[in-house]
Amino acid sequence: MSREEHRTKAMAILGMSIGASFIFALIAGPLLYRWIDVPGIFWLTAVFALTGIIILHFRVPQPLNYNFQREPVQFKSVLQDGQLLRLNIGILVLHLLLTSLFVVLPIALVNTQLDAAHHWQVYVSVLIASIIAMVPFIIIAEKYRRLKIVFVGAIVVLGLSELGLFSLILASGMLIDGAIIVT
């Protein structure tokens, strides 16, 4: 619900709020886990979701002119576009890796004797370090038009990070027959 001339600023504000809520969730999640446990976190999520639906229904105005047309020919061409397909597969793999990381990492941290209530310290530290490390590469990509080099470099760093985590898990003896063992 923003005008065209304010769209970039609106998207930036939206991105910052998502990032801030992610950092808040990393800090608050382990603390909430200690107080209300996992079922309580799910109930709290349900309450927040219902609150969001109510706010959306009663507080967000309806768009004045909404022109959405479904054209199967355009949809088919989108599915056949090789560059978009490569991008979509890359995003799928990235989300698969991040989701699996958020399943494996807490177990690995517990196995290193780090209490779940203190996991946020690891998560926030890594997130802040990654933001600091990311800024120069964004500048290089945008200012010097080296987007592809930075993008491929990010993929390589992600792959090496995943291999490093996997080797640490192997070295600690937590991986047996492809399953993470909680010891």
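This is a predicted model: local features need pLDDT of at least 70, side-chain atom pairs count only at pLDDT 80 or more; totals for chains, interfaces and linings use all residues.
**Exercise 1.** Work out how helix 1 and helix 4 are oriented to each other, and what their contact is made of.

*Solution.* 
- Start with the geometry: helix 1 (residues 7-59) and helix 4 (residues 119-143) pack at about 165 degrees, and their axes lie 8 Å apart.
- Angles over 145 degrees count as roughly antiparallel, so that's what helix 1 and helix 4 are.
- Their crossing is left-handed.
- On the helix 1 side, the contact uses Phe22, Ile23, Leu26, Ile27 and Pro30, while helix 4 brings in Trp120, Tyr123, Val124 and Leu127.
- Sort the residues of this contact by class and you get nine nonpolar, no polar and no charged.

**Exercise 2.** Now do likewise for helix 3 and helix 5.

*Solution.* 
- The axes of helix 3 (residues 82-111) and helix 5 (residues 147-172) come within 12 Å and cross at roughly 25 degrees.
- Under 35 degrees counts as roughly parallel, so helix 3 is roughly parallel to helix 5.
- This crossing, too, is left-handed.

**Exercise 3.** Take two of UniProt's "transmembrane region" stretches, 41-60 and 120-140, and check how much of each is helix in the model.

*Solution.* 
- An unreviewed UniProt entry gives this feature at residues 12-35, 41-60, 84-108, 120-140 and 149-176.
- Residues 41-60 are 95% helix and 0% strand, with end C-alpha atoms 27 Å apart.
- Residues 120-140 are 100% helix and 0% strand, and there the end C-alpha atoms are 30 Å apart.

Terms used:
Residues are numbered from 1 along each chain as its sequence is written. Side-chain values use heavy atoms; hydrogens and water are left out. Axes are lines fitted to C-alpha atoms, for helices over the stretch in contact, and angles run from 0 to 180 degrees between N-to-C directions. Helices (H or I, at least four residues) and strands (E, at least two) are DSSP runs, numbered from the N terminus. Angles under 35 degrees count as roughly parallel, over 145 as roughly antiparallel, 65 to 115 as roughly perpendicular and the rest as oblique. A crossing is left-handed if the near helix is turned anticlockwise from the far one by less than a right angle, and right-handed if clockwise. Contact means heavy atoms within 4.5 Å. Ala, Val, Leu, Ile, Met, Phe, Trp, Tyr, Cys and Pro count as nonpolar, Asp, Glu, Lys and Arg as charged, and the others, Gly among them, as polar. UniProt positions are given in the numbering used here, feature names are shortened, and annotations may be inferred rather than shown by experiment.
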